[in-house]
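Student: I want to know what stands behind the words used for a protein model. Please take me through some of them.

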Amino acid sequence: MNIYAKLTILCLFLVLFTAGVLSFFADQKVEQTLKEEIVASMTQQSKGISADIGRFMFSRLNDVKLAAKNPYFRIENSDPEVLIQRLQELENLNELYYSFSYFDTNRVRIADSKRISLGKQHSNSLYWTSLDSESDAAVDVSKSESVGRVVMHFASKVTDFQDDSPIGVLVGRILVDELFKIVGEYSLSTDTLRNLDINLIDSNGTVLYSNTDPTNILTTQYEKYDLISSLNEPGVNFLETQDELFFVTQETGYQSFSGNDWTLILSIPKARAYVPLKQIRSQILWAVLPVLILTIILALIAANIFVKPIIKLSHAAEELSKGNLDVELPTGSRDEIGKLAKQMASTSQSLIGQIEEQRQTNKQLIDQKTQIEMQKNQLVSVSSQIRDSISYAERIQRSTLPPISTLRGVFPESFVTYKPKDIIGGDFYWFEKVRRGNNEFMIIACGDCTGHGVPGAIMSIMGSNQLTNIVYYQNYLDPKKIISRLDKVIKFELQRETDEVNRDGMEIGICVIDLDTLKMEFAGAGIPLRLMKHGSEELTILKSPRQMVGGIEGDEQEVHAQLTKEVIQLDVKDRIFLSTDGYQDQFGGEYDKKFMSKNFNKLIEETSSKPIAEQQKILEKTFSEWSKNTSQTDDVCVLGFEIK
């Protein structure tokens, strides 16, 4: 096959390949753009529908609350006929409401705007359960006992006009069909053939509203509840399956109405959503096809033009290879082929110049080698200075950690295993004995700051110093209050707003032990407390919320409300352990996996019958053997002591 045929085939291949690649990427871009438009449209509609439902529920519940404050209802033992007239007036004022009922505190229907089930007692279910839990108002969707149809109930307590004591309940009913007027028909863009499937479900997956199958309301669970039940993040959650797109929105309430934990689901089959994609692909094909044909014709013409000079140059090269240096080279053209011919003619002359250039290059390499050696020496010097600085930082950090003698002065059987990942680290421990009145308390803390090395060490020093300030100078003793105040101080030190979401900070666990009564209070953020009761073979774990001190949302009071506190009565010989996650997160072993919390807990259980010093040696030996073939993953801090 000669070069002309090869070049022709190559040109055709390049044209077809380029056309195919461009078509592929254009199709992908169009599909991606269409998908983004669909996601944006459905996300916006999800927010709009959710807001409309919340606004509707809030408004209707306010209607009933305001009606419940009417003096006619707040007079105990009012004439039922007068109450019926007032309920009928309420029904006539707003066409949304199907009926109103007034019940006494025993759930007996005293009055009804449609005079249904008068004198009958309502079952203690549905919205009554919410009202019994000291709530002033409640909302639910259920089948009405009196109406016999699926309705939305809006209930509000009625209080006595004089002493505000509960004397009854006012209930308004709206047919669930009215919800369709709020939600309506939604579709992608203005294409009515791409309508959205809309479903509203409760926390158990029961269908409260559906525009696809209204007959299943309150009778069945949403058929794809298992698929979407895990989508509970705030805002609109997007889920794409092989055949369908889902947009799941958790009810957020509206103003003072906190909502009923409902979930709004907008879905559309992909076949329906991507209908415009077929039309766009067809338009692209018809637009590209003429261009492709013209390009092929031009490629064939170009191949013929380019091949002729190449053939001439090939013949000249054959003559040169035979020693015919006088052969005429096609140097007349100004394109690459002409340049190649000129280069072949001047090759011998250029070799001398290349040798000289090589000498210059060698000289430059020697100079560069000298510079590299100098830079290496500078790096060695800088590295030594950095190591000296870090070693000094280690001494500073160690000086902020309390001596083990402070802990052993109260609990002789105690230990601290402290292994930073680097020379300095972000883990720290803190303990001190304080007196409040006639009682003495031992406060023990274990912290894990974000980051390793210098950043973690700075955070740990800050945490240790602030604990000293909070306990000694601000006289805090409650572990929850200590942590919430520590969160506030760290935010101030880091110049962070109280509502700013940030993961920088520290995890910490704090226990406060009354040395007179041996009552222990524990609170933490991310670090649990492990308790081994004397005589027990099973470890008790007091978990703490997964929060980051210094990054918890809210002010000091709001942070305090998010924390939990455990109160435990200790006995002599009980053992307590506080640990960061560095021990159980260490990689190692035969398969280079994490040690895991369950193995760490089991190790504590199996060694708690031994003296505390021997238990410490076993823990350290196990860690060393587990990680012998793997570098240390994280800072490690394990603190244990036995109640005296």
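Student: Why is Lys114 called partly exposed?
Tutor: Its relative accessibility is 33%. Buried means under 20% relative accessible area, exposed over 50%, and partly exposed in between (1.4 Å probe, protein chains only). So Lys114 counts as partly exposed. This is a predicted model: local features need pLDDT of at least 70, side-chain atom pairs count only at pLDDT 80 or more, and totals for chains, interfaces and linings use all residues. Residues are numbered from 1 along each chain as its sequence is written, and side-chain values use heavy atoms, with hydrogens and water left out.

Student: What makes the pair Lys114 and Glu91 a salt bridge?
Tutor: The N to O distance between their side chains is 2.9 Å. A salt bridge needs a side-chain nitrogen of Lys or Arg within 4 Å of a carboxyl oxygen of Asp or Glu. So the pair qualifies. Lys114 lies in the loop between β2 (109–112) and α3 (127–132), and Glu91 in helix α2 (residues 80–93), so the bridge ties together parts 23 residues apart in sequence. Helices (H or I, at least four residues) and strands (E, at least two) are DSSP runs, numbered from the N terminus.

Student: Is Glu91 buried or exposed?
Tutor: Glu91 is buried, because its relative accessible area is 15%.

Student: How do you know that Asp112 and Arg173 form a salt bridge?
Tutor: Their side chains meet at 3.6 Å, N to O. Asp112 lies in strand β2 and Arg173 in strand β5 (residues 166–175), so the pair ties together parts 61 residues apart in sequence. Asp112 has a relative accessible area of 1%, so it is buried. Arg173 also has 1%, so Arg173 is buried. Arg109, Asp112 and Arg173 are linked in a network of salt bridges.

Student: What makes Lys533 and Asp571 a salt bridge?
Tutor: Their closest N and O atoms are 3.3 Å apart. Lys533 lies in the loop between β16 (529–532) and β17 (540–542), and Asp571 in the loop between β18 (565–569) and β19 (575–579), so the bridge ties together parts 38 residues apart in sequence. Lys533 is partly exposed, with a relative accessible area of 24%. Asp571 is partly exposed too, at 42%.

Student: How many salt bridges does the structure hold?
Tutor: The structure holds 23.

Student: Why is α14 called roughly antiparallel to α15?
Tutor: Helix α14 (residues 597–607) and helix α15 (residues 612–626) pack at about 150 degrees, with their axes 10 Å apart. Axes are lines fitted to C-alpha atoms, for helices over the stretch in contact, and angles run from 0 to 180 degrees between N-to-C directions. Angles under 35 degrees count as roughly parallel, over 145 as roughly antiparallel, 65 to 115 as roughly perpendicular, and the rest as oblique. So α14 is roughly antiparallel to α15.

Student: Which residues make the contact of α14 with α15?
Tutor: Contact means heavy atoms within 4.5 Å. Phe600, Leu603, Ile604 and Thr607 of α14 meet Gln615, Ile618, Leu619 and Thr622 of α15.

Student: Why is Leu239 called buried?
Tutor: Its relative accessibility is 19%, so Leu239 counts as buried. Leu239 sits in strand β8 (residues 236–240). Not counting residues up to four places away in sequence, Leu239 touches Leu227, Ile228, Leu231, Glu244, Leu245 and Phe246.
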